[in-house]
Amino acid sequence: MTELSKSGAAVGEPVKGSPAPSAFLEVRDLKVHFPTDDGLVKSVDGLTFSLEKGKTLGIVGESGSGKSVTSLGIMGLHTAGQYGKRKAQISGEIWLDGTELLSADPDHVRKLRGREMAMIFQDPLSALHPYYTIGQQIVEAYRIHHKVDKKVARRRAIEMLDRVGIPQPDKRVDSYPHEFSGGMRQRAMIAMSLVNNPELLIADEPTTALDVTVQAQILDLIRDLQKEFGSAVIVITHDLGVVAELSDDILVMYGGRCIERGPAEKVFYEPKHPYTWGLLGSMPRLDRDQTERLIPVKGSPPSLINLPTGCAFNPRCAYADVPKDNVTRTVRPELSEVGSQHWAACHMTQEQRERIWTEEIAPKL
Amino acid sequence: MSTQRTTGRRKQAVAAAAVVAALLSTAACGGGDDNDGGGSKSGAAGFDAANNKVAQASAAKKGGTLKFAAAQDADSWDTTRGYYGFMWNFSRYYSRQLVTNATEPGAKGAAVTPDLAEKTAEISDDGKTYKYTLRDGVTWEDGKPITSKDVKYGIERAWAQDVLSGGPIYLQQVLDPKKEYKGPYKDKSADKLGLKAIETPDDKTIVFKLPEANSDFEEMLALTSASPVRQDKDTKSKYGLKPFSSGPYKFQSYTPNKSLILVRNTEWKQASDPVRKAYPDKITVNFFTNANDMDQRLINGDYDLDLGQTGLSPQGRTNALKQHKENLDNPVSGYIRYAVFPQSVKPFDNEHCRKAVIYGADHESLQTARGGPVAGGDIGTNMLPPSVPGSEGQKYDPYESATTNKNGNVAKAKEELKACGKPNGFKTTIAVRNNKPVEVATAESLQASLKKVGITVDIDQFDGAQTTGIIGSPSNVKKKGYGIIIMGWGPDFPSVQGYGLPLWSGDYILESGNNNFALIKDKTIDGLFKDYTKELDDAKKAEISKEINHKVMEGGYYLPFVFEKFINWRSSRLANVYTSDGYSGQYDFVNLGLKK
Amino acid sequence: MTAPLHEPTAEAAPSAAEEAALVAGSGEAKAVQGRSLGRIAWERLKRDKLALAGGVVVLVLILVAVFAPLIASLVGQDPETHHEDLIDPLFSTPTGSFGGISGDHLFGVEPVSGRDIFARIVYGARISLLVGFLSALVAVVLGTILGVLAGFFGGWVDAAVSRVMDGLLAFPQLLFIIALVSVMPNEMLGLTGTGVRLFVMILVIGFFGWPYVGRVVRGQTLSLREREYVEAARSLGAGRFYILFKELLPNLVAPIIVYTTMMIPTNILTEAALSFLGVGVKPPTASWGQMLSAAIDYYDSDPMYMVIPGVAIFITVLSFNLFGDGVRDALDPKGSR
Amino acid sequence: MARGTAAGPRAVLAYLIRRLFAAAVMLVIIILVVFGIFFLVPRWAGVDPATMFVGKQADPAAIEAVRQKLGLADPIFAQVWEFFKGLFVGRTYSGGGDVTKCAAPCFGYSFRSEQAIWPVLTDRFPVTLALALGAAVLWLLFGVAAGVLSALKRGSLWDRGAMIVALGGVSLPIYFTGLLSLAIFSYGLGWIDAQYVPLEESFTGWFGGMILPWVTLAFLYAAMYARITRATMLEVLGEDYIRTARAKGLTEPVVIGKHAMRSTMTPILTMLGMDLGALIGGAILTETTFSLPGLGQAVLKAISDKDLPVILGVTLITSLAVIIANLLVDLLYAVIDPRVRLS
């Protein structure tokens with residue numbers, strides 16, 4: 001992932017005309033902006049990453065950090081359902097298996113949707129059509145991309161339901177979403193998204209709506225399936241725990257930008273960005289004494305219309321004044337390599353980070 | 001509306017003025033009686049061509065369908081129960097009486113002429129016995145002959161008010177004032193002909209024995225309510241849905257408030273009927289809920305005439321006057337529209353307060369509210385309708401309402417108020433039917449003009465359907481404080497008795513269904529009515545009528561608005577059209593014909 | 001799951017656009033700048049030109065209604081003086097063109113009586129708005145109280161109220177209103193004439209209107225009741241009524257406002273219809289519906305007489321609707337226009 | 001949520017019975033109310049209904065007799081009881097030696113027109129029904145289409161335009177638009193002879209007579225439906241499952257036409273049910289304006305005549321219509337939306 005580091009270092013400058021990348025999925029300088037009455041909402045503002053087949057990338061961040069928008073951008077759904085509203089502006093490049101999606105014919109992208117790339121949504125109850133049976137919905141998803149008759153499709157649907165661990169699939173296939181439990185619903189959702197063996201699977205907060213016990217099962221399921229289908233997976237969540245379990249790489253987003261990225265274990269065990277510390281601190285962990293209080297991140301997410309100058313995180317950062325001459329509030333920090341294949345965007349020096357991590361943060365975790 | 005419309009309207013305004021002049025002149029020289037008044041044979045006869053004279057008599061051909069349009073259904077088509085003017089008029093299609101109104105235009109139409117009877121009554125000298133002989137060949141719709149017993153039975157039905165309410169009860173009052181007879185349905189006798197006052201010695205002869213003479217008795221027998229009804233065909237309360245015909249037409253189908261169709265009664269013989277010409281083959285009535293719609297259809301020629309004969313509504317009137325003047329007549333209806341002052345409500349117990357209102361009123365404004373000189377009528381100056389013998393029209397104007405005081409006389413009104421002891425005026429309530437927009441308009445006009453003399457009035461619109469119960473009950477009137485009631489009245493038959501008795505006679509003050517709203521209990525007036533009923537000489541009768549009228553006016557019980565006139569539509573298809581005083585200025589339906 | 005960070009709750013999983021909107025700090029999102037719902041709504045409303053226009057007209061109408069006598073006297077007219085001199089005796093329509101529109105009579109004069117139409121329109125606004133507002137008020141008060149009770153306490157309360165609402169909605173309403181008003185006595189509770197009619201109309205129209213509000217409020221209450229913050233409040237041991245007033249009512253404000261603005265025009269139309277059918281206010285009191293029904297007898301010979309009250313009703317209802325729509329959009333968290 | 005559709009016919013039947021029972025109760029209440037309105041209120045006003053049935057020269061005896069025959073003297077509950085009896089076993093009116101049989105279902109007997117009410121109802125109901133249904137077809141077609149279009153083109157000129165027109169439609173009194181259409185198309189241009197002709201007489205005549213009423217009525221409702229459709233459609237388009245449908249790779253027509261429409265139609269159906277029901281009782285204005293011999297016209301006449309039996313009959317029938325309409329809608333609803341539980 002070396003060249004990625006370059007482009008990663010060059011966040012902000014558009015990299016047009018560059019050759020088709022070797023990576024299966026490569027996102028370059030992705031920008032998704034929503035014009036609203038209140039101003040231009042820069043939900044994603046220059047995001048770059050890449051992902052290989054069989055690998056899993058975890059994108060972490062608060063709501064409004066732009067993670068969902070990113071995924072929708074990749075799927076080409078960022079404008080969906082925005083009738084009569086000013087259209088979202090998207091720029092940059094999204095290379096999927098050698099094709100650039102943003103410049104591709106929308107209908108071509110549509111054909112890719114569901115077949116090449118599929119998505120699992122956060123709340124299966126609202127994401128499944130209440131008026132159609134699970135079966136009908138899976139069958140539909142299958143028959144768009146495969147010219148087969150209903151029977152075949154139905155068999156396929158049952159097979160998938162079985163695969164995702166739904167008991168008596170041949171019966172449940174005719175049930176309606178509301179007749180399923182939350183976990184079952186999410187399984188069905190997964191079955192539906194995998195029915196065409198997509199090469200890229202995006203899971204947007206796959207477990208948020210579920211209770212803790214079910215969460216684990218679903219995550220396992222996703223992992224197994226990935227092994228089986230060998231597809232690339234993007235897991236979007238606010239829960240570091242989830243990504244820690246699933247992903248090979250972790251990308252932490254804040255205010256529409258990437259502020260830390262690296263291999264999962266690195267980011268998880270040696271995070272370099274104060275915001276990541278906050279995420280860790282606020283995460284419940286089995287290996288920690290439950291009586292201990294968590295350390296939440298103070299304050300609320302930044303307005304994406306006018307980000308704070310300097311480091312977008314500075315208003316909420318306990319260490320904003322560590323770097324000299326107020327640089328955090330004036331200069332926007334770029335991603336810089338902070339370890340092998342580990343990048344972070346913070347003005348603090350290695351030493352400062354090390355000290356604060358070892359002395360203040362680590363003990364509390 | 002576009003600019004052309006403006007210029008158009010200006011022209012109309014000018015035209016309007018001309019038309020008024022024209023109208024008034026034609027109306028003035030009306031009453032002439034050339035038997036085939038103006039207009040081409042094919043087209044319409046011309047303005048007022050059928051008013052008090054026959055239009056296009058010779059153009060009438062046998063056959064065709066005569067189409068009535070109606071905004072209101074009859075109260076009942078049962079000859080015993082109907083009381084609406086147009087019902088009496090229309091009923092002659094399917095019912096005959098011993099005597100009936102002459103089929104002549106204008107005043108002559110009010111005269112009584114033999115129908116079932118060979119000739120008018122042989123009256124005994126004391127005026128208490130009336131004898132008729134039925135003519136030959138008179139039959140029911142099933143071909144059976146009409147007998148004197150059928151006539152008696154038909155008349156008897158009026159006694160069964162509990163079942164057949166609604167119709168006039170003059171005969172009952174004259175023949176059986178003490179109400180000894182309980183009516184045919186409670187009649188114990190086998191033939192149900194227990195009424196003593198009527199004798200039927202044989203099937204052709206019928207004799208009426210009056211306990212008291214009544215000079216208008218034959219007029220009463222000319223009313224529809226004296227039609228024969230055959231006992232075996234009497235469906236009692238449902239008779240009105242399909243009366244058994246004695247006339248030239250019979251009911252084919254009838255759905256109340258929807259449609260009515262009459263077809264020829266093949267058993268009826270022209271020879272047996274000196275009155276009815278029976279031109280059309282079929283007669284239809286269609287009912288409308290939207291008066292404007294109805295007028296529009298009349299003007300479009302979809303229908304021939306209005307069953308109600310109440311005149312066109314403002315919109316239709318304007319259109320017609322502007323574009324189809326030749327299809328219009330402007331007859332006098334015989335109705336007087338007026339305000340009456342119940343003496344039970346203070347301060348109207350004091351005649352000066354009553355007169356204050358009469359003087360304070362702006363008569364011209366009231367006339368306009370009624371629809372103006374043409375569509376409303378001439379300013380009413382007294383209470384005797386032009387169609388009633390003894391009437392003087394505007395010549396008798398005790399309060400100078402049509403002349404010096406026609407816009408109200410504040411000074412005189414104030415004087416009267418002083419005399420009444422209310423120098424600063426008073427408050428009272430006007431009662432007006434809520435289903436008569438024009439009456440509401442007059443109420444508003446009265447309200448406006450009385451304001452000027454310090455009399456403030458509140459307008460109370462009562463339910464027009466409950467007239468008898470609301471203003472017909474003196475106690476209720478007193479309770480509600482109706483100092484002024486707005487009403488109208490037309491003669492049931494053209495005589496002071498047929499018009500004024502219920503209004504002015506002390507004996508007619510009823511606890512419910514009262515019409516003597518002013519509660520007049522005047523010895524002289526009651527006396528005059530007595531004299532009238534005994535008097536057999538027409539000239540003298542007229543004289544008495546005149547006197548009664550004067551007495552009423554001098555009492556200041558009434559504020560007449562107009563001697564009503566209306567604008568009546570006749571289609572260009574109609575022939576042998578004429579208005580008849582016998583039916584308060586309506587066209588005489590029974591002899592209408594169609595051109596081919 | 002702990003929620004130290006601001007997590008999207010299950011039922012508010014935001015679509016891309018919404019997420020943007022959320023972050024932009026509008027709607028019911030825990031706004032960044034923490035603006036109040038009211039202020040946001042107002043700022044939205046300010047952007048909706050049509051709604052504003054509607055609002056302005058409504059305001060003007062209210063002023064007109066309040067200062068009717070003043071306005072009428074400004075043009076030197078009053079609604080009850082007759083001007084027969086301006087009436088063509090033959091057609092009983094105004095002599096002047098355009099229904100007798102002139103310097104003195106801005107909207108011309110009525111046929112027959114010649115009363116000044118401008119003055120009558122101005123006074124008529126009083127009736128229309130009075131009935132419109134008050135009956136809406138009646139409906140809203142009844143609807144809110146019963147709706148909240150039904151939705152919050154559920155059980156037999158809910159059952160009973162819902163039945164009643166279904167029942168009322170099953171009534172042929174116009175028919176009933178006509179029937180009721182037409183048999184109403186002329187004096188009651190010390191009121192006479194127009195007073196009675198107004199009173200009855202307001203009550204009856206309002207009474208038949210409340211189920212519509214009731215349904216919405218009940219629904220809202222039900223859903224709000226399940227929202228976890230109420231649960232939270234409950235777990236904190238807050239009294240039911242505390243919850244009711246502190247948590248629910250504020251959330252009901254929006255739908256109630258919307259419904260009120262939507263109901264007023266309907267009521268105005270109903271009043272017009274009743275007057276049209278002759279069971280409305282009594283003469284000489286001016287009412288638009290009454291004028292319209294009277295005008296129908298002159299629709300061709302004096303079109304202006306029909307057009308003017310017709311347009312008056314139209315404009316009023318239209319602007320109320322426009323305003324109402326604006327308010328709804330403004331208060332709707334999803335909408336962003 | 002219970003398993004709606006899986007609940008099977010027995011549940012549906014039970015539900016139906018429950019609902020019908022509720023309906024019956026409703027009707028009883030309505031009858032009581034009507035009786036109240038027309039018997040008690042006039043009493044306060046000090047008016048004796050009997051006086052309405054006697055003529056210009058009513059004699060007290062007659063009034064008393066009429067009172068007896070109409071049973072106005074009986075206590076109101078006796079009258080209500082009589083009425084119910086009439087509905088099921090028929091009843092006989094007798095007085096003054098006159099006996100009138102009124103066979104079940106006896107909705108009463110008009111003392112104005114001397115008719116049994118039931119035939120009147122059966123005679124007039126079709127007219128009103130035709131009016132309502134015809135108009136409904138029109139307004140569904142145009143209203144929903146317009147609504148969907150402006151939802152998809154939200155904010156566009158078309159949207160604004162359509163919605164203004166719709167608002168206009170909602171803001172115009174029906175008798176106003178009705179009269180205008182009559183004046184223009186019938187009297188003015190003479191395109192249509194807007195006169196009611198019974199269907200059995202001539203279809204074309206009937207159709208011609210119904211066009212204007214249909215269009216006028218539909219205009220009003222189309223406006224309403226366009227507004228509702230637009231709002232609902234916009235709401236639905238924001239739903240997650242629409243996004244899911246897109247994520248599957250469905251084409252836009254399928255997403256809108258299948259997934260979005262199905263959800264949009266449900267609330268519209270509910271409205272349709274209520275409106276149809278209400279129209280059957282509330283087409284008074286339309287029928288009056290166009291002189292259509294329907295129920296509304298009959299009842300208006302009856303109200304002005306204080307012809308209680310007719311009013312009762314019509315009210316009953318129309319309320320029944322509303323209830324049935326709502327019931328049908330609820331059943332349909334259960335078919336469309338599996339989440340709905342029949343109870």
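Helices (H or I, at least four residues) and strands (E, at least two) are DSSP runs, numbered from the N terminus; on that basis Ile484(B) is found in strand β17 (residues 482-489) of chain B. The structure described here is a predicted model, in which local features need pLDDT of at least 70 and side-chain atom pairs count only at pLDDT 80 or more, while totals for chains, interfaces and linings use all residues. Residues are numbered from 1 along each chain as its sequence is written, and chains are lettered from A and ligands numbered from 1 in the order in which they are written.

**Chain B as a whole**

- Chain B contains 17 helices and 23 strands, and its radius of gyration (taken over C-alpha atoms) is 24 Å, close to the 25 Å that the globule rule gives for 596 residues, so chain B is as compact as a globular protein of that length; the rule is 2.2 Å times the number of residues to the power 0.38.
- Taken along the principal axes, the C-alpha atoms of chain B fill a box of roughly 70 × 60 × 40 Å.
- Of the 596 residues of chain B, 62% count as buried, a residue being buried if 20 or more other C-beta atoms lie within 10 Å of its own, exposed if 12 or fewer, and partly exposed in between, with C-beta atoms placed from the backbone.
- Among contacts in chain B between residues at least 6 apart in sequence, 71% join residues at least 24 apart, where two residues are in contact if their C-beta atoms, placed from the backbone, lie within 7 Å.
- UniProt, in an unreviewed entry, lists residues 112-506 of chain B as "domain: Solute-binding protein family"; UniProt positions are given in the numbering used here, feature names are shortened, and annotations may be inferred rather than shown by experiment.
- Over residues 112-506 the chain is 28% helix and 19% strand, and the end C-alpha atoms are 29 Å apart.

**Domains of chains B and A**

- Chain B is divided into domain 1 (96-239) and domain 2 (334-565), with bounds that come from an automatic or database domain assignment, and the centres of these two domains, taken over C-alpha atoms, are separated by 34 Å.
- In chain B, 11 residues of domain 1 are in contact with 13 residues of domain 2, and the domain 1 side of this contact divides into six nonpolar, three polar and two charged residues; Ala, Val, Leu, Ile, Met, Phe, Trp, Tyr, Cys and Pro count as nonpolar, Asp, Glu, Lys and Arg as charged, and the others, Gly among them, as polar.
- Chain A is divided into domain 1 (121-197) and domain 2 (273-364), whose centres, taken over C-alpha atoms, are separated by 42 Å.

**Local features of chain B**

- Ile484(B) counts as buried because it has 27 C-beta neighbours inside 10 Å, and, leaving aside its neighbours within four places in sequence, Ile484(B) is in contact with Ala339(B), Phe341(B), Val357(B), Thr428(B), Ile430(B) and Val457(B).
- Helix α3 (residues 148-156) of chain B is mostly covered, with eight of its nine residues buried, among them Val151(B), Tyr153(B) and Ile155(B); the elements that cover these buried residues include α4 (170-175), β6 (198-202) and β7 (205-209) of chain B.
- Four strands of chain B form an open sheet in the order β4-β5-β7-β6 with antiparallel pairing, two strands being paired if DSSP finds at least two bridges between them.
- β4 (122-123) and β6 of chain B stand at the edges of this sheet, each with a single partner strand, so one side of each is left without a neighbour in the sheet.
- Strand β5 (residues 129-133) of chain B pairs with β7(B) in the antiparallel sense over five bridges, and Lys131(B) stands opposite Val207(B) in β7(B).

**Interfaces with chain D**

- 28 residues of chain A are in contact with 31 residues of chain D; on the chain A side, α5(A) provides the largest share, four residues, and the residues of that side divide into 14 nonpolar, seven polar and seven charged.
- 41 residues of chain B are in contact with 39 residues of chain D; α13(B) gives the most to the chain B side, with three residues, and by class that side has 13 nonpolar, 20 polar and eight charged residues.

**Annotated spans of chain C**

- The UniProt annotation "transmembrane region", from an unreviewed entry, covers several spans of chain C, including residues 127-152 and 304-324.
- Residues 127-152 of chain C are 100% helix and 0% strand, with end C-alpha atoms 37 Å apart, and residues 304-324 of chain C are likewise 100% helix and 0% strand, with end C-alpha atoms 29 Å apart.
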